[in-house]
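Hi there,

Here is the structure I promised to pass on. Please have a look, and read my notes below when you have a moment.

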Amino acid sequence: MGFGGYQGTILRVDLGNKQFKEHPIPKEWIRDYIGGDGFAAKILFEEVPPECRPLDKENKLILATGPVTGTSWPTSGRSAFFSKAALTGIWGESHVGGFIGPELKYAGYDLLVIEGRCEKPVYISIEDSDLQLKDASDLWGEMTDTTTSRVRRLEGDPDTQVAAIGPAGEHGVRFSSIIVNYARAAGRTGMGAVLGSKNVKAIAIRGRGAVQVNDHEAFVELAKQAHRRTRENPQAQEMSKWGTWSLTATKQEIGELPTYNHRTGVFSGWEKISAGYIRPRYTVSDRACFGCTIGCKKVNYIKEGEYAGTLEEGPEYEGLMAFGSSLGIDDYPTTLKANEICNKYGMDIISVGTTIAFAMELYEEGILTTEDTGGLELEWGNKKAAIQLLEMIGEREGLGELLSQGSKNAAEAIGPEAEQYAMHVKGLEVSGQDGRTHRSIGLAHATAARGADHLRSLVTVDQLGYEDVAAKRWGKDKLPEIIDPYTEKYKAAAVVETENAYCIRDTLIVCWYSVSWPPIFWMEDFAELLPLVTGIDEFGSVDNLNLIAERQVTLKRLFNAREGITRADDTLPRRFTKDPMPEGPGKGQTVDLDPMLDAYYRRRGWDKETGLPTDKIIKNLSLDWTRDFMN
Amino acid sequence: MPQQLTVDYTKCTGCRLCELACSAHHENKFQPSLARLKIVRYDDIGVDIPNVCGPCEEAPCVDVCPTYAMRRDPITDMTYVDYDKCILCKSCVGACVNGVIRLDTESMRIIKCDHCDGDPECVKICPTGAIQFGPPARSTVVDRHDKAETYLAEMTRTASEGES
Ligand code: SF4
Ligand code: SF4
Ligand code: SF4
């Protein structure tokens with residue numbers, strides 16, 4: 001193959017014909033898309049047309065890695081799943097930590113593409129070049145933890161990395177996830193349902209080979225420095241100790257802790273779901289993904305009370321929000337229990353929590369009554385009811401059946417009076433941010449390819465007021481507005497630049513936490529790193545990396561355009577644009593989306609009226625080939 | 001004074017950077033399966049245990065070797081392979097209590113930890129200090145061992161209460 005970092009091989013499994021095939025990665029793909037997200041966008045665009053619905057057998061599911069996966073670069077143990085999303089019907093992707101990406105590389109493959117459908121439940125077993133579809137009839141119906149333990153035993157090697165779906169993925173719960181090694185979730189957009197529709201219960205991977213980079217010595221040296229930088233970074237040190245939990249206090253302070261279904265950004269019970277409260281009482285060990293110096297994962301144990309004996313990793317800040325403040329619950333054990341149920345059933349904690357918040361608000365408004373809920377009193381803060389409803393969704397029972405379709409579909413079924421309470425963009429439930437107190441995330445939620453996404457273009461520099469970083473990146477002339485979270489001005493510039501950098505992050509693939517708050521690594525670091533890994537000098541230019549990122553963002557946009565997405569879909573829930581923030585530091589704020597959208601499209605080279613990429617930009621980004629695949 | 005790798009598994013996060021650093025140093029590539037130490041991860045209970053070479057008061061790999069190829073350096077106390085004598089019978093691989101002696105099936109050589117000639121890469125990269133290099137400090141190791149055992153016992157106790 002000749003390029004360092006890559007194995008140079010795509011592994012395809014055709015479930016219908018029970019065949020595995022290996023294909024070389026075309027050199028131009030590497031040049032134009034680098035890896036990870038880029039390769040996945042190329043494949044899904046070419047191979048999954050608009051007439052294919054997410055749960056059709058023609059849909060494909062991809063597990064992707066990047067050129068640094070499996071090396072000693074900090075936080076490079078992550079990987080990602082891609083598909084047309086079961087939850088939204090548009091572009092879907094879900095990144096996950098753990099060990100499965102590196103293992104796929106050691107087995108000799110950069111990508112795994114899963115195609116077709118099996119008649120009977122199977123699990124995919126990859127042990128270096130030994131490739132098999134193994135019977136999983138006995139595993140069907142099992143929770144993800146039991147599945148993982150049993151697959152490891154069946155494979156006879158405890159070092160096998162396992163990605164599994166639970167009952168939610170089997171039943172087609174729209175926001176079902178894929179769970180890697182018990183607790184790492186490829187949570188968002190419903191990847192579990194896609195795998196379930198293919199009758200694949202799990203993916204088991206064991207690899208004993210090597211990953212080799214182009215310039216080993218220089219790379220190892222740079223990676224050592226990178227580890228040192230990570231270790232000395234104050235934010236990373238905080239993450240090591242507190243994980244993402246420290247966000248609860250930060251968010252409360254700035255008035256952006258989503259509470260009562262995003263109605264407000266201040267939660268009186270915040271302390272009991274904050275880092276300082278949780279860690280000394282519940283945390284028993286710190287863990288990391290492969291190759292990570294930070295180690296933000298916390299294993300927690302509940303000694304007493306209703307959930308005594310619960311031993312589980314997590315939840316992240318997003319889970320504390322989704323099952324804590326958003327439901328009015330000030331009880332950490334409930335959030336841990338909810339996280340455990342989400343992991344076992346294989347459900348996205350953000351989407352399912354936000355959908356339960358939606359149901360609670362409907363209950364308060366009298367749109368849902370105990371008749372609809374089967375007797376559950378869905379009052380804010382009702383812990384028991386929240387947990388019960390969560391299990392009902394996992395099983396698709398009673399009201400759970402309706403809610404398992406996601407808040408957008410549920411709202412449509414209930415009626416127009418319900419719609420304003422469904423907190424989603426393009427069908428994906430809103431994560432734990434609020435554009436009213438942080439304008440750039442308003443724009444990011446509205447424009448991200450997979451819907452209300454906080455990971456593709458969340459600018460943190462503006463909100464946390466890192467003036468120096470902002471001046472360096474965007475120019476002194478844009479200060480102070482660009483770091484003022486309450487104005488729309490210049491936010492498109494910040495979002496576009498950040499989205500580009502994250503795009504390269506997702507081609508490598510490295511963790512979000514190495515590029516956030518303010519970043520440890522940014523474009524110039526990727527430009528230094530990539531040539532050493534790959535031997536491709538062109539990757540040493542930041543301009544070229546920006547071009548690759550723009551190509552990718554536009555390619556995903558074209559994928560969505562083919563599904564009918566236009567400017568009209570780049571919206572926010574009514575609450576963010578119409579209801580002023582009722583209290584806290586951001587009191588009185590709303591989002592004025594249109595001026596930010598105008599500026600965003602202009603920067604992306606997309607048409608202002610339609611929000612679609614123009615012919616000119618399609619040509620400039622060498623995306624002319626997409627025309628052959630447009631309808 | 002002989003130096004050894006000592007391990008505190010209450011600190012280990014299971015990141016396996018040590019395996020990466022070890023293979024990067026000895027094999028010039030990233031290949032955890034050829035690392036001279038091994039992190040045993042118990043994902044279901046959230047515990048990670050580094051297995052390293054030594055400290056072995058009595059080294060089974062030395063005792064079992066039929067050709068006396070596996071020997072102990074009298075000064076450093078470290079065991080090493082005399083490749084001229086090794087017949088690749090794999091007895092040491094089976095005998096190692098820590099499971100860290102391996103057969104590299106590509107180069108057909110027994111591979112084992114050599115303390116990186118006194119400057120261990122695994123120790124240098126470990127972000128948490130879970131692996132250290134120095135004179136054996138038994139008492140603290142034993143204390144920490146106790147702590148982990150208590151933790152595991154507590155979990156087992158609660159689990160069995162839950163079942164009954
Ligand atoms: S920072 Fe956390 S999520 Fe990111 S790679 Fe490290 S352990 Fe995994
Ligand atoms: S001391 Fe050196 S050879 Fe031994 S395990 Fe550590 S890195 Fe490997
Ligand atoms: S580098 Fe340290 S923390 Fe990471 S797995 Fe090895 S011993 Fe554990």
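Below is what I found, starting with how the values were made.

This is a predicted model, in which local features need pLDDT of at least 70, side-chain atom pairs count only at pLDDT 80 or more, and totals for chains, interfaces and linings use all residues. Residues are numbered from 1 along each chain as its sequence is written, chains are lettered from A and ligands numbered from 1 in the order in which they are written, and side-chain values use heavy atoms, with hydrogens and water left out.

The interface of chains A and B: 32 residues of chain B are in contact with 38 residues of chain A (heavy atoms within 4.5 Å). Together the two chains bury about 2,800 Å², 56% of it on carbon and sulfur atoms (accessible area, 1.4 Å probe, lost on being put together and summed over both).

The rule finds five salt bridges across this interface (a side-chain nitrogen of Lys or Arg within 4 Å of a carboxyl oxygen of Asp or Glu). B:Asp48 and A:Arg287 meet in a salt bridge through their side chains, at 2.6 Å, N to O.

The ligands: around ligand 1 sit residues including A:Cys289, A:Cys292, A:Cys296 and A:Cys511 (a heavy atom within 4 Å). This shell has seven nonpolar, two polar and two charged residues (Ala, Val, Leu, Ile, Met, Phe, Trp, Tyr, Cys and Pro count as nonpolar, Asp, Glu, Lys and Arg as charged, the others, Gly among them, as polar). Ligand 3 is surrounded by 13 residues, with B:Cys12, B:Cys15, B:Arg16, B:Cys18 and B:Cys126 the closest.

Best wishes
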